[in-house]
Amino acid sequence: RRAAQSRSMHTHSMRSRRAAALACAAVMLVLSPAAAQIVISNPVVSTPTIPIPVPVPTPTPEPMPSVQTCDALRALFDATGGVYWMNKTGWLSSASCCTWHGVRCMAGEVTRIDLAYNGLAGTLPAALKKLPYLSDLVLDHNSISGTVSPQYNELVLLKNIYLGGTYISGTIPHEFSTLDKHELLDLGVTALSGTLPEEWIRAARLKHLNVGLTSLSGTLPRRLYKNPLDYLNFGRTAVSGTIMDDLGKLDQLDHFYLEHTQISGTLTRELHELSRLYDLDLESTIISGTIPETAGFMTRLDYLHFGKCKHISGTIPPSLVNLTRIDYFDLEQTRISGFIPPELSEMRGIDFLYLEETQLSGTLPKALSNLHQLDILYVDDTHVSGTIPPQFGLMFGLDFLYVGGTPISGTIPSELQDLELDSLHIGRTKLSGTLPAQLAKLDALDYVNLGRTMMTGTLPAQFGKLKNLDYLYLDGSQISGTVPREWEMLVELDILCLNTTRLSGTFPAELAKLRRLDFLYIEENSLSGTLPPEIGNLEVVDFLSFDNTLMSGTIPPSIGKLERLKDLDLDYTRISGTIPKELGDCTMFYELDLDSSFVSGTVPPSFGQLEDIFDLEMDTTFLSGTLPPQMRDMKRLSLLTLFDSRLSGTIAETLLDKWDGVKTLLLEKTRLSGTLSPMFGTMEDMELLKLSDTGISGTLPPKMGEMTDLVDFSMIGTSLSGTVPDSVPRMDRLRHIFLGKSGLSGTVSAALGHMTKLKTLSMHSSMISGTVPQTLTKLTRLSQLALFGNKLSGSIPIDFVKLKELDECAIAGTTTPGAHDNSFDCPLPMVLPAACSAARAVCEAPGASNLALIGIIAPMAIIILVLLGVVAFQLNKRHQARKSKLLKEVTTTSQTVMSDLNKKKSTNGPTVVVDGKAMDPEGAGPDFSLNDAAVAAAGSCKTNGNKA
């Protein structure tokens, strides 16, 4: 567009100057001195006069062009498929080649070739260099390819080259440095590459340079600023460098485009010197800094685009109020902050104002309502708060109002119903109140986004009057009630999004009349009932989603009529019954989600017709049977989930042979059996493979290591046997490997230490033996290690302390009573990670040999204790009998002693009684013994202070 605009502007300027020159020449001819004298000397009288004839010069015949000149034009005709041109009037005829369409001559020499938009296809012939007086070459917007010939440097009078919008490739020839009269080069929207030749920039007197939308690279030549440029376009190229202060020297510049380049630097204050500038486009550059106040002096600006310059910051300068002629102002996706200046209301001619995705805050100025001509106002995804001013109802020219994704609150002003809005985006705000039915008066609306707000109420039936509505988003709101049947009148509706709401009731069969409906999202709500058979009348629907609802019943076979259906989501619903074979007629299926539903039966063989399906999710269902062999035709299948179902049988090799593009295969917790096919080793794109808790047996394929994209592999709780293939360590992208609770044997390969991205290594409860290899300490990303329940022995590497991310370390102990376990050398290293404390506890407890010994000794000890108990019982019985007998003897003896004592009445020293007779202790010694009878009779006896 810009190439055509620049060419037409230049052509218009030339034509204007040419017309002015011709008019001046005509006036001079009429008012020549001789003619003026005749008029003055012959005043007007009443008698008729004889007119004096003015001599008319005889036109000089136009010289005929040379044969060489016409041959050069014929070469252009032949090289660019002239017979297929849109206009080839006169070409190759016997008439002068200067009369051929698009050819202009002067004195028999071709000065201009203008065949733009004429269907030329081919390459430019070198023969054009034989047109020495050629000044203008206008061939833009044709299917011309090849390169620009360096030999064109012989066209020393060449000023203007228009080749934009073609397939021209290569570079600008360095030989063009001889074209010192070169003023205009338009190679925009071509395959041009390379850099700008410094010599050419120095020699030329460029006024117009357009190389936008090419592969041009390099930096902006400083010499460029010394050219009298009025048009400069480097937009959407790989040009880099910085904006220099010399930019102000381009005081004739009226169009300047640098969008989507690697240009950096800051916005110079000298911008005000570009006083003639109409268009300034710096979108998506690396320019930083703030918008200088001097930008307000570019009063002729019509187009100002700073959008997506993510390093531009600061505030909107108040001086921009002087840009009263501006039509387009864009600051989107910048770091501009502060308030929206009310003074912007002085830009009375502005049509487009883009302020979205900035750091702007404050409120929406009421003064903006004075911009009666404003067509688009985008303030979405900013920090602007407050309310929507009711005065916005006076912006009669407003078509697009976008304030979504802001903290704006309050209610929708009723005054907005007086506008002719096409698009209204107020979603993701804090707007509240009830959903106003008055919006139905905006009958021009084609886009409405009220999703994720705090608005309540029900869906207005009046919305059915919005006959032009294409898009309606009410997702994530507090809307309740039912879906109105009156919405069947939304005949232009393309997208209806009602997910994550409080809707209830049933899905109206009347909505099946929306024949243009493309996307229908009614998920995550309390919608119930069944899918009406009429849903098969939605002829152009692409996406149909009812997941996470209370929908029940069966899948209508009429869905098979939806030939354009790409995505059907019925997961997490109460849909039951079998899968209708008619679903196989939806041959454009891209995704089918039936997981976590109540569907049963088998997978229909008709699914083999779904050749383009990418995502097939049928897990957590009651599906049974085997995978039909017809599924081998699903050539684009990437994800298949059937886990937690009743799937049985084996995985046929014929399926795996065709599923070479499958990335995710989740079949765990099924009734699958058989062995693991060697074909798994050829599935190089596989990223996620889960076959845990199945009946699969056999060994791991030797070529399993060729699955180099595999990230997660799980086969816990299977009947696997054999050893881990040597090729497994080559799976350098593997993050998680689960092979526990199987019959795997062999050793832990030292090569596993080279899988540096491994986070989980689980090989527990198997028959693994040997030692823990030192190389496992290189797995610095390892967070889970499970090796318990094997036959490992030896010492645990002390370098395990380097595994800083290890959160779970289960290397000892069992989960099954009586099962074998590892037998590591004790004591374990003191510096083991804390996660391995369970292993230390096992080691500090009695060892396995001690436990076995205890198991033998304990029963013997019990027997001995029982025998000792019997003996003790017998001894106690005898003791009790003896005690009774002794008690009688003691009683009798006590009576005798007391009688003797009463008779003797000794007052000197203690009295010792032995065998019932008193005796004198003297001479008996300090350690003489007393029998039980004496002790019982005499109590505590003391002789010379010593205990007896």
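Predicted model: local features only at pLDDT ≥ 70, side-chain atom pairs only at ≥ 80, totals over all residues.
## Cores and disulfides

Residues are numbered from 1 along each chain as its sequence is written, and side-chain values use heavy atoms, with hydrogens and water left out.

Leu-209 also turns up in the largest nonpolar core, which has 225 residues; together with Ile-113, Phe-234 and Phe-546, Leu-209 is among those with the most contacts inside this core. A nonpolar core is a set of buried Ala, Val, Leu, Ile, Met, Phe, Trp, Tyr and Cys residues joined through side-chain atoms within 4.5 Å. Buried means under 20% relative accessible area, exposed means over 50%, and partly exposed is in between (1.4 Å probe, protein chains only).

Who supplies this core? At least two residues each come from helix 3 (67–79), strand 2 (109–114), helix 4 (198–203) and helix 5 (653–658). Helix 3 gives the most, with five residues. Helices (H or I, at least four residues) and strands (E, at least two) are DSSP runs, numbered from the N terminus. Domain 1 (67–145) and domain 2 (745–842) both give residues to this core, so the core lies between them; the domain bounds come from an automatic or database domain assignment. There's also a second, separate core of seven residues, including Tyr-303, Tyr-328, Tyr-354 and Tyr-447.

Now for the cysteines. A search of the whole structure finds two disulfides, each being a pair of cysteine sulfur atoms within 2.5 Å.

| Disulfide | S to S | S-S torsion |
|---|---|---|
| Cys-70 and Cys-97 | 2.2 Å | -75° |
| Cys-98 and Cys-105 | 2.1 Å | about -90° |

The link of Cys-70 and Cys-97 is left-handed. Cys-70 lies in helix 3 and Cys-97 in the loop between helix 3 and strand 1 (103–106), so this pair ties together parts that are 27 residues apart in sequence. Both Cys-70 and Cys-97 are buried.

The disulfide of Cys-98 and Cys-105 is left-handed too. Are its ends buried or partly exposed? Cys-98 is buried, at 15% relative accessible area, whereas Cys-105 is partly exposed, at 22%.

Two other cysteines are worth a glance: Cys-309 is buried at 0% relative accessible area, and Cys-497 is buried at 7%.
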